[in-house]
Amino acid sequence: MASFSFGTGNAAKLLRIPLYAVGRIGTLVVPRGRRWVFGCGAGIGDGALALQRHASALGHGTLWLTASDREDRDAAALGIPFVRKSGVRGWWATARAGVLVVTHGLGDVNRYANGGAFVVQLWHGIPLKRIGLDSPATTQVPDVPGARVLRGIVGVLYRAAAQRIRVLPAASHRARGRLESAFGLGDDRVVVTGEPRVDVLSAGTDPERRAHASEVLRDAVGEIAEGTRTILYAPTWRDGAADPAVPTATEWILILRLLEEQDAVLLVRSHPLGAGGYAPPLPSRRVRPLGAAVLSDVTPALAAVDVLITDYSSLAYDVGLLGMPVLFLAPDAREYARTRGFYGRFEDVAGSDAAADWAGVLVQLEQLLSDRHAYEGASRRSATLSATMHAHRDGRNTDRVYQAIRARGIPAPKGAA
């Protein structure tokens, strides 16, 4: 079931305006310190975790703001100091922070205490679908009297929040233009450093990345036999709507048959804000859930995956760093282009053969798994697509982001030379 939409989120934001005002008054009188405070809308992971590790290793005091018992446990397991982002302690930690690092929005930390902060917005993927100010979905509100005025107010609030961002890393100059437009920021704040979240896909050797990713995947979904191919299906969010590609009973039969014939496992990663019902009609170890409840950050596991199936996810750009083939399953491409929109044309990324249903994508998948030359050709196309969007692939994106932050006046850790 879908769990969130822009409309409901924006309605809640409008109702909280008095609390934002009170919180802003508080931050005017509370002095900021030197600690780096982190939050991530997807849990303990993403680029925020990479930067937290880097800053902590260099001697900065760090703190993670959590939102659930699970995040508390994950932070504790990694030895990261944490407090809940809601409540007085979360407000105080956010209000006193020297640097605030987020990946989704200012709600990743305490939303009422970020006024006047040095905000680093790492974002959580190279935009393929339109985001922020470039998408009409961003300012949606419920269909009520005065909705047009309310949309205008939401737009003003969004722009004001975006202007607090001091550093927004971009994967490339091409991605930079999209982020500048989406957040209404100039090129002094959007910097081409590469994204910390994908350093794990570039650092080390191929065997090292594969071994580490296999361990992450094994902990999440159990043992996968050596030689079994791994297929990841990762549809994107549809603003509260159900995923139209959830397989029918007939399609499940086709899926399971192909997985058996090709000795493959399908990992299903529904978007955490719009999960679909992906249980096959019969239990099968050939299909395993890999949603956010199982693995909060999928990126460290990607090097153990052989093929990605997606629709509009930025993973399509990321897996090219590994030379992984990508198949596109997009039954609602035309409608999605109308309501959400793309940067450029969807066909420029997916090609002209994006499948409209599971029967179509399974034909393509069978060819990849049974024909080495087809697989290698798809790998080259994926790497070429990635090269247009990732300017850096040396595993040093996190350090470049750190240096960009320091260059804008953030002091070195206490005791550093």
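W123 is buried, with a relative accessible area of 12%; buried means under 20% relative accessible area, exposed over 50% and partly exposed in between, using a 1.4 Å probe and protein chains only. This is a predicted model, in which local features need pLDDT of at least 70, side-chain atom pairs count only at pLDDT 80 or more, and totals for chains, interfaces and linings use all residues. Residues are numbered from 1 along each chain as its sequence is written, and side-chain values use heavy atoms, with hydrogens and water left out. Let's take a tour, starting with the backbone.

**Backbone angles**

- Most residues other than glycine have a negative phi, and most peptide bonds are trans.
- W123 has a phi near 55 degrees, a positive value in a residue other than glycine.
- You can find W123 in the loop between β5 (119–121) and α6 (147–162); helices (H or I, at least four residues) and strands (E, at least two) are DSSP runs, numbered from the N terminus.
- D263 also has a positive phi, near 50 degrees, and is a residue other than glycine.
- The loop between α9 and β9 (264–268) is the place of D263.
- D263 is partly exposed, with a relative accessible area of 31%.

**Packed helices**

- Two packed helices are described by the angle between their axes and the distance between the axes.
- Axes here are lines fitted to C-alpha atoms, for helices over the stretch in contact, and angles run from 0 to 180 degrees between N-to-C directions.
- Helix α9 (residues 249–261) and helix α13 (residues 358–370) have axes that come within 10 Å and cross at roughly 10 degrees.
- α9 and α13 are therefore roughly parallel to each other; angles under 35 degrees count as roughly parallel, over 145 as roughly antiparallel, 65 to 115 as roughly perpendicular and the rest as oblique.
- On the α9 side, E251, L254, I255, L258 and E261 make the contact, and on the α13 side W358, L362, L365 and E366 do; contact means heavy atoms within 4.5 Å.
- Sorted by class, the contact of α9 with α13 has six nonpolar, no polar and three charged residues; Ala, Val, Leu, Ile, Met, Phe, Trp, Tyr, Cys and Pro count as nonpolar, Asp, Glu, Lys and Arg as charged, and the others, Gly among them, as polar.
- α13 also meets helix α14 (residues 372–387): their axes come within 5 Å and cross at roughly 105 degrees.
- α13 and α14 are therefore roughly perpendicular to each other.
- Q367, L368 and S370 of α13 make this contact with R372, A374, Y375 and A378 of α14.
- Four nonpolar, two polar and one charged residues make up the contact of α13 with α14.
- Helix α3 (residues 46–57) and helix α15 (residues 397–407) have axes that come within 10 Å and cross at roughly 65 degrees.
- α3 and α15 are therefore roughly perpendicular to each other.
- A50, L51 and H54 in α3 meet T398, D399, V401, Y402 and I405 in α15.
- The contact of α3 with α15 has five nonpolar, two polar and one charged residues.

**Aromatic rings**

- A pair of aromatic rings is described by the distance of the centres and the angle of the planes.
- The whole structure holds 11 aromatic pairs; rings of Phe, Tyr and Trp (its six-membered ring) pair if their centres lie within 6.5 Å, and planes under 30 degrees apart count as stacked, over 60 as edge-to-face and the rest as tilted.
- One of the pairs is Y336 with F342, which is tilted, at 5.7 Å centre to centre and 35 degrees between the planes.
- Y336 is buried, with a relative accessible area of 5%, and F342 is buried too, at 7%.
- Y312, F328, Y336, F342 and F346 are linked into a cluster by ring pairs.

**Buried residues in loops**

- D199 lies in the loop between β7 (190–192) and α8 (206–221), and is buried, with a relative accessible area of 9%.
- Not counting residues up to four places away in sequence, D199 touches G395, R396, N397 and T398.
- S202 is found in the loop between β7 and α8, and is buried, with a relative accessible area of 15%.
- S202 touches R209, L321, R393, D394 and G395, again not counting residues up to four places away in sequence.
- D297 sits in the loop between β10 (287–289) and β11 (307–310), and is buried, with a relative accessible area of 17%.
- G45, D46 and R269 are touched by D297, not counting residues up to four places away in sequence.
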